[in-house]
Amino acid sequence: MRLRAFLLAAVAVLATGGAAAQVSVNINVPVPGLITVAPPPPRYEVMPAPRAGYVWAPGHWQWNQGAYAWRGGYWERARPDYAYAPGRWVQADGGWRWAEPNWRRAERHDDRYEHRDHHQGHDDHGGQHCPPGQAKKGRC
């Protein structure tokens, strides 16, 4: 009986000690893609003259084996109906992340509205436009 009580007490102590150890364990795992060192300011680059069919991708700092290394600007082949958005460093989660460059759908402009605004209320023959609904009422 005494041995049994001793074993139960030992199991209880071990179980309690193990739980306390689990609570006090602090594992600091780095977040993938997170750099804790801020990138240096961008370098000044002279942008070359425009090149038909291409867009200029400006230079940027790259994280390379524990240090930043500069990558100079380069030409990127243009994509019809898309606008180029260069990559950038973004501060997040207590560090810095690289947001890759990408292509975004370009906004389309409706030539009809630009044409109307360009003429500021005049038609192509020099006359005034009739306000909507007024022609049917005989006011134009």
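Which pattern does the protein follow when read along the sequence? The protein follows the pattern α-β-β-β-β-β-β-β-β-α. The model is predicted, and its secondary structure comes to two helices and eight strands.

**Overall picture**

- Of the 140 residues of the protein, 13% count as buried.
- The accessible surface comes to about 11,900 Å², and carbon and sulfur atoms hold 56% of that surface.
- Among contacts with a separation of 6 or more, 41% are accounted for by residues 24 or more positions apart.

**His-60**

- His-60 has its place in strand β2, which covers residues 60-64.
- The relative accessible area of His-60 is 13%, and because buried means under 20%, His-60 counts as buried.
- When neighbours within four places in sequence are left aside, His-60 is in contact with Ala-69, Trp-70, Arg-71 and Trp-98.

**Pro-48**

- Pro-48 belongs to the loop between α1 (2-24) and β1 (54-57).
- With a relative accessible area of 29%, Pro-48 is partly exposed, because this class lies between the limits of 20% and 50%.
- Not counting residues up to four places away in sequence, Pro-48 touches Trp-56 and Trp-75.
- Pro-48 and Tyr-74 are separated by 26 residues in sequence, and their C-alpha atoms are 9.6 Å apart in space.

Methods: Residues numbered from 1 in each chain as written. Predicted model: local features only at pLDDT ≥ 70, side-chain atom pairs only at ≥ 80, totals over all residues. Heavy atoms only, no water. Helix = DSSP H or I, 4+ residues; strand = E, 2+ residues; numbered from the N terminus. Buried < 20%, exposed > 50% of the residue type's maximum accessible area, 1.4 Å probe, protein only. Contact = heavy atoms within 4.5 Å. Areas by Shrake-Rupley, 256 points an atom, 1.4 Å probe, with all protein chains shown as cover.
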